[in-house]
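Colleague: I would like a close look at a single part of this model. Please keep it plain.

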Amino acid sequence: MNTKARRDRRFVLPCGSLLRPLFWIWDFGFWILCCRESHIPRESKIQNPKSKIHLERRCVFAPLAYRLILVPLLAASGAVARQPDGTLGLIRTPNDGIPVMVLPGTTFETVLTSQAALRLANAGGQYELSVEWNALPGGLANGRCTVPPETPEGMYAIEVSVNGQTDRNERAVFVRASFPESYVVAHLTDTHIGAERGKRSPSDVLRDAINVLNGSEAAFVVITGDLTDGGEIAQFQEFLRMLDTSTLPTFVCPGNHDRQGLNYESFFGSLTYVFWFGRDGYLCFDTKDFTTADDLGPQDTYLEIFRRLIKPARWSICLTHRYEPDMGMRSQIVLFIDDPLDHLIMGHWHRANEDNEKMAPWGATTLTVTPATVDGFARMFDISGKGVKPRPPQRIVGTE
Ligand SMILES: [Zn+2]
């Protein structure tokens, strides 16, 4: 493991825990230890393995001490936000990249690595969930949870306690009083955390963009891929750190830059999923693979199932990193021909679509591309009985 990944083992945020100040102190100390390393360009580390070994030795104390001191402290605190390295633990979904929006007294789906008693928690209180369990392939457990009718509106963590340990996914459940017929969706894309470009770091730009959206009229935020620049664990950890400053639900999907082993899956779980906002169905699909929805891959089946699931929707809206005309033909038939999606929202191009690029090929699904957030851009969509109407992209954050 390289030093950069080790450095980011410092990432632990047991939100709400009394230990949080300790982590900040530790985090700062760890950063001081490793900051010289971070200025060495990635290329030189690859070309000069000796310097890499030297740097790893220099930083060996910090991660070791982290494991010896902080992990037991964390366990004693009984509050673990995800795993100590930021990856998902017992609760796979919902999470802060695939949350649920739900009315009191209604149900939502959860996926855990094993059955356990679940509750919603925030500063206002805790609400036990009644759960109906079903077994999923691979030993996972699917729970249909009912939100207690008395649950107040607000943002909740979903928590589970097993053997004295608490696993907690922050910002996972948003209880709403209603789902209005007209609402606004904010689109961010191509945040490229970890990239070295421009005068401001992509992290700073994303944090500021999220801050702007926190004060906006948006009901929720979608972030369509290239979350990171290289799919590295450390970059996903940094992305999460920025994401969790959002007070709105945030839905993510992977992009081609997020390819690196199963790192994306460890942080967010599903690559392809659906969610609802009132009567509107949203389908997020994976463009992490080289060929989008390869005819021989498993994604075709998911797309077919999910497309059917949102068939009754008022509007069917697809979120993806990139639409490629050479994606699997079965999926193209499912998404754009048999029962065409109403709208497709994507990134990838790092520019807005021109007037002649506002329709997916096949002629029925309108398409909107938003320029990259790493360049300071976001776009709002007005969703109402009249349709899905993109506003012009806006530069909401300076990058100089
Ligand atoms: Zn990109």
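Predicted model: local features only at pLDDT ≥ 70, side-chain atom pairs only at ≥ 80, totals over all residues.

Which exposed residues does the face of α10 turned away from its buried side carry?

Modeller: The face of α10 turned away from its buried side carries Met329 and Asp338, both exposed. Residues are numbered from 1 along each chain as its sequence is written.

Helix α10 spans residues 329-338, and its buried residues are Ser331, Gln332, Val334, Leu335 and Phe336. They lie on the same side of α10 because they cover an arc of only 165 degrees around the axis; the arc is that of the directions from the helix axis to the C-beta atoms. An α-helix has 3.6 residues a turn, so residues three or four places apart point the same way.

The buried residues of α10 pack against α9 (299-309) and β16 (316-320). Contact here requires C-beta atoms, placed from the backbone, within 7 Å. Helices (H or I, at least four residues) and strands (E, at least two) are DSSP runs, numbered from the N terminus.

As for the setting, the protein chain has 10 helices and 21 strands. Of its 400 residues, 44% count as buried. Among contacts in the protein chain between residues at least 6 apart in sequence, 72% join residues at least 24 apart.

Definitions and conventions. Buried ≥ 20, exposed ≤ 12 C-beta atoms within 10 Å, placed from the backbone. Contact = placed C-beta atoms within 7 Å.
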